[in-house]
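Hi everyone, thanks for coming.

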Amino acid sequence: MESNFIHDIIDKDLEEGKYTHEITTRFPPEPNGYLHIGHCKSICLNFGTAKKYGGKCNLRYDDTNPVNEDDEFVGSIEEDVKWLGFSWDNLNKASNYFDKMYECAVQLIKLGKAYICEYSADQIRETRGTLTEPGKNSPWRDRSVEENLAIFEDMKNGKYADGERVLRAKIDMASPNMNMRDPVIYRVMHVTHQNTGDKWCIYPMYDFAHPLEDAIEGITHSLCTLEFEDHRPFYNWVLESLGWKEAPQQIEFAKLNLTNTIMSKRNIKKLVLEGNAEGWDDPRLCTIAGMRRRGYTPAALRNFCDAIGVAKANSLIDMSQLEVFVRDDLNGKVDNKMVVLKPLKLIIDNYPEGQIEMLPIENNPADENSGVREIPFGRELYVEQDDFMEVPAKKYFRLFPGNEVRLKNAYFVTCNSIVKDEAGNVTELHCTYDPDTKSGTPGADARKVKGTIHWVEASTAVDLPVRQYGYLAYPNEETGKNEFDPASREDLVVKGEPGLKDANPGERFQFFRNGYYICDTVLSKPGAPVFNQIVGLKSSWKK
Ligand code: ATP
Ligand code: MG
């Protein structure tokens with residue numbers, strides 16, 4: 001992976017011999033949703049860094065908050081990390097450290113560095129002060145160690161209702177950093193935990209739990225996103241207060257932000273619950289499950305994350321940049337197929353009625369070992385509506401009355417006349433073909449023809465459901481916030497060459513001239529595939 005400022009820090013730490021054990025990182029998702037492209041950046045950074053230094057990377061469920069969590073999410077996270085091509089050294093759960101965390105809290109009390117406070121959550125907020133004014137000391141700040149220990153034990157034993165008592169760190173109510181103003185480190189919550197059941201009715205706060213989780217696992221470099229920068233002094237305070245040796249260090253990096261999508265788990269969940277997304281794996285979503293179903297490849301996502309790099313400053317990446325990596329990774333690797341997305345009938349008046357001939361076509365022109373198949377050709381074909389213009393625009397070389405084009409891997413045809421319906425829409429093109437222009441025969445290309453278009457023979461064509469995708473979201477003009485675009489999916493029934501009927505779920509193709517497509521793993525049935533558009537052939541991105 002590309003070097004970055006975090007690797008510079010690690011290089012220096014190695015030089016100075018700061019750690020006696022190997023470089024160790026972790027990816028610590030909270031199992032409260034499916035992973036998205038932002039997590040992908042964190043996964044690539046954590047696993048990639050461990051790999052680069054011959055160290056270790058753990059997958060750790062940050063499951064200290066007992067609400068929100070679900071086994072469905074746990075399973076999906078492991079699947080996603082593996083699919084991206086990474087494997088963890090240890091699979092841990094933060095909740096497995098509850099005993100140790102409790103011990104650490106007791107130790108802080110004994111050191112006179114934590115106390116039981118009887119304020120409600122509101123009162124704590126009200127006495128916390130502001131950015132310009134110091135907070136007020138809690139009246140319970142100077143309780144004796146014995147009293148604190150006794151109450152903390154009572155808290156653990158269920159003597160108090162939710163919110164009646166909290167354990168707070170005793171630091172400095174006048175600190176310019178609000179996170180250092182005696183933060184709550186343990187609270188009462190009578191909730192069953194998915195891992196520890198009813199063993200606990202007190203739970204540690206994230207800011208207290210996280211440095212301990214890292215330290216217990218021997219993490220050397222704890223990589224997190226920028227919003228935790230202000231939490232770093234407390235992270236360090238916890239480990240210093242406990243006298244932790246070779247304590248982990250927290251390093252913050254900028255979150256990945258992408259245009260035209262909706263990123264955080266909370267907002268993605270909303271799309272799913274409101275029915276705007278088909279599920280967490282809707283191919284329009286930037287969840288890893290969605291992008292996998294969409295046909296994006298693990299290599300494309302890893303290459304993208306590597307290319308955007310890791311920095312200290314927030315930035316917004318254009319969605320079309322991600323698409324560049326998807327397209328690059330598929331380029332030349334998948335078979336080509338003839339598919340007409342928006343069909344228009346083309347009739348070759350001088351081609352024998354009822355005759356079908358089989359024409360050879362390479363499976364993948366970029367791969368000489370991919371072989372050749374035969375596709376049917378006949379008197380009636382489908383071509384793209386876009387490949388015909390009654391009144392041609394400037395530099396339009398495709399079909400228009402009087403013009404000759406090449407039908408890919410077949411013959412030259414000239415459009416002679418058109419048929420329209422009552423509404424004035426063109427419904428049929430009448431053409432003649434030149435039998436001497438059969439593709440691959442000597443002299444076939446004697447005449448210069450500028451346009452080559454694709455086609456599908458009408459009587460043998462198969463109808464295929466295809467889902468074309470636009471961007472999931474666009475910024476609201478007033479708020480600038482990305483909003484779901486209901487037009488982000490267009491359902492088509494297209495005309496495809498016969499062999500496509502037998503596509504296997506997960507199989508990717510290039511539909512000639514139209515883009516890359518994947519046979520959907522959820523909706524396809526044997527003999528009845530459904531296709532998702534992966535990405536178009538050309539970039540819409542302008543630098
Ligand atoms: P969300 O806001 O989507 O719920 P989160 O940060 O709450 O994300 P966690 O499960 O807590 O999700 O995150 C696991 C790891 O992934 C954390 O280390 C977090 O910093 C990182 N992460 C989350 N979102 C991004 C992002 N957009 N870019 C880079 N890293 C991210
Ligand atoms: Mg979160």
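Arg141 is buried, with a relative accessible area of 11%; buried means under 20%, exposed over 50%, and partly exposed in between, using a 1.4 Å probe and protein chains only. This is a predicted model, where local features need pLDDT of at least 70, side-chain atom pairs count only at pLDDT 80 or more, and totals for chains, interfaces and linings use all residues. Residues are numbered from 1 along each chain as its sequence is written, chains are lettered from A and ligands numbered from 1 in the order written, and side-chain values use heavy atoms, leaving out hydrogens and water.

So which residue does Arg141 meet in a salt bridge? Its partner is Asp182, at 2.7 Å, N to O; a salt bridge here is a side-chain nitrogen of Lys or Arg within 4 Å of a carboxyl oxygen of Asp or Glu. Asp182 sits in the loop between strand 5 and strand 6, and Arg141 in the loop between helix 5 and helix 6, so the pair ties together parts 41 residues apart in sequence. Helices (H or I, at least four residues) and strands (E, at least two) are DSSP runs, numbered from the N terminus. Asp182 is buried too, at 1% relative accessibility.

Now look at Arg143, which forms a salt bridge with Glu118 at 2.5 Å, N to O. Those two are 25 residues apart. Arg143 is buried at 13%, whereas Glu118 is partly exposed at 27%.

How many salt bridges does this rule give? The count comes to 42.
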